[in-house]
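This report covers pockets, cavities, nonpolar cores and overall dimensions.

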Amino acid sequence: MPEKRLPFTKKQLDAIMDQYPTPFHIYDEKAIRKNAREFKKAFSWNEGFKEFFAVKACPNPFIMKILHKEGFGADCSSMSELVLSQKTGIVGEEIMFSSNDTPADEFIKAKKLKAIINLDDISHIPFLERHAGLPDLICFRYNPGPLKKGNVIIGHPEEAKYGLTREQLFEAYRICRDKGVRRFGIHTMVASNELEPNYFVETAEILFRLIVEISHALNIRFEFANLSGGVGIPYRPEQKPIDLQMMARGIREKYERIIVANGFAPLKIFTECGRYITGPYGYLVAKVLHIKDTYKKFAGLDACMAHLMRPALYGAYHHITVIGKEKRPHDVLYDVTGSLCENNDKFAIDRLLPKLAPGDTVVIHDTGAHGYAMGFNYNGK
């Protein structure tokens, strides 16, 4: 069976566990920095390109500071994320505030921080104006509906709670223009954990063509197009990473053909990736507590879905390495479980692993995004 590599040896991990009891998440700073630089380089053709790291993916202030030093901003969707950004030195237009069903105090906080406010609904215009006042720069989230196919995690765009319709988008920009707003951006996000590069090229084309149409119709100019995130990672060992160069090259071709050719350059390209930036570089380290043999074999860990909810929530695959037994036959079928009083508290179902014993150390891969971040307090865990 294909095996994923780890950035630490058994000796190094044993030394860490002597100081920090399991379970814990551990992150590979060197790999995160390298990946961040490669991502920026892929879009270096666009003057003004900026990645706004999706704080929801990994709301860790140390990692946020690392990424800020690499030139990233922060994509925030709540009061807590705004405060985290502020505390880590990310303020002003380095924050993209993309929320939905937003309380007034969050709009007030975003305005006070001078963040870029990305509105999710046309009715939010008067709400924002009443509570915080309209900013100089405003952005709207576009939902292309049936024009764009979604995927399993995010669903069909026309069924999603996010964004404005095409008709609402034209009206929203007209309203803001007439109220004196002079700076504009546009945003869309229609996929999550997508590995096909052309999916993002097609999304960029939709957004670029829309910019041209709205600009002509309303006589306004856009400063940026936020192509959002949704770029996936290879959770399974047999999967290949997305071809980042192909994606960036395809987006550039659409930019030249649509934006430049119609006289709307320069247009800044923004992204808000989270999973792609940190996802492969976080690991959940746990120990086997019990082996139970009834109708199935169960390997019970000292971690539970309070530490990693994706398998229970989405049926998601996360690779598991048993430290010190990597080269042994993977010939025993286990459900790998946690200790919550919930039957779906499982990290893996019917997973072939080496024969396990209490005390074995397991490392669950690709938990650097939506791992610790999705934790909760059920059973007081």
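## Largest pocket

The largest pocket has a lining of 33 residues, and those nearest its centre are Lys56, Ser77, Tyr162, Met189 and His370. Its space amounts to about 760 Å³. The lining comprises 13 nonpolar, twelve polar and eight charged residues. Here Ala, Val, Leu, Ile, Met, Phe, Trp, Tyr, Cys and Pro count as nonpolar, Asp, Glu, Lys and Arg as charged, and the others, Gly among them, as polar. Helices α10 (275–278) and α11 (310–314) each contribute at least two lining residues.

A pocket is an open set of points on a 1 Å grid over the protein atoms alone, with protein on both sides within 12 Å along at least five of seven lines; a cavity is a set of points where a 1.4 Å probe fits but cannot get out, and lining residues have an atom within 4 Å of a point. Grid points are joined across faces, edges and corners, and a volume is the space filled by probe spheres set on the points.

## Basis of the values

This is a predicted model, in which local features need pLDDT of at least 70 and side-chain atom pairs count only at pLDDT 80 or more, while totals for chains, interfaces and linings use all residues. Residues are numbered from 1 along each chain as its sequence is written, and side-chain values use heavy atoms, with hydrogens and water left out.

## Second largest pocket

About 530 Å³ of space lies in the second largest pocket. It is lined by 26 residues, and Lys4, Pro234, Pro241, Pro280 and Tyr281 are the closest to its centre. By class, 14 of the lining residues are nonpolar, five polar and seven charged. Helices α2 (29–42) and α9 each supply at least two residues, and α2 has the largest share, with three.

## Cavities

There are four cavities of 30 Å³ or more.

## Nonpolar cores

The largest nonpolar core has 77 residues, and the members that touch the most others are Phe43, Phe140, Tyr173, Ile186 and Phe208. Helix α8 (residues 197–218) gives the most to this core, namely eleven residues. A second, separate core has 18 residues, including Ile320, Val336, Ala348 and Val362. Such a core is a set of buried Ala, Val, Leu, Ile, Met, Phe, Trp, Tyr and Cys residues joined through side-chain atoms within 4.5 Å. Buried means under 20% relative accessible area, exposed over 50%, and partly exposed in between (1.4 Å probe, protein chains only).

Beyond its neighbours within four places in sequence, Phe43 is in contact (heavy atoms within 4.5 Å) with Phe49, Leu244, Met247, Ala248 and Ile251.

## Overall dimensions

The protein chain contains eleven helices and 15 strands; helices (H or I, at least four residues) and strands (E, at least two) are DSSP runs, numbered from the N terminus. Its radius of gyration is 22 Å, close to the 21 Å that the globule rule gives for 381 residues, so the chain is as compact as a globular protein of that length. The radius is taken over C-alpha atoms, and the rule is 2.2 Å times the number of residues to the power 0.38. The C-alpha trace spans about 70 × 40 × 40 Å along its principal axes.

Of the 381 residues, 54% are buried. Lys87, by contrast, is exposed, with a relative accessible area of 67%, and belongs to helix α4 (residues 79–87).
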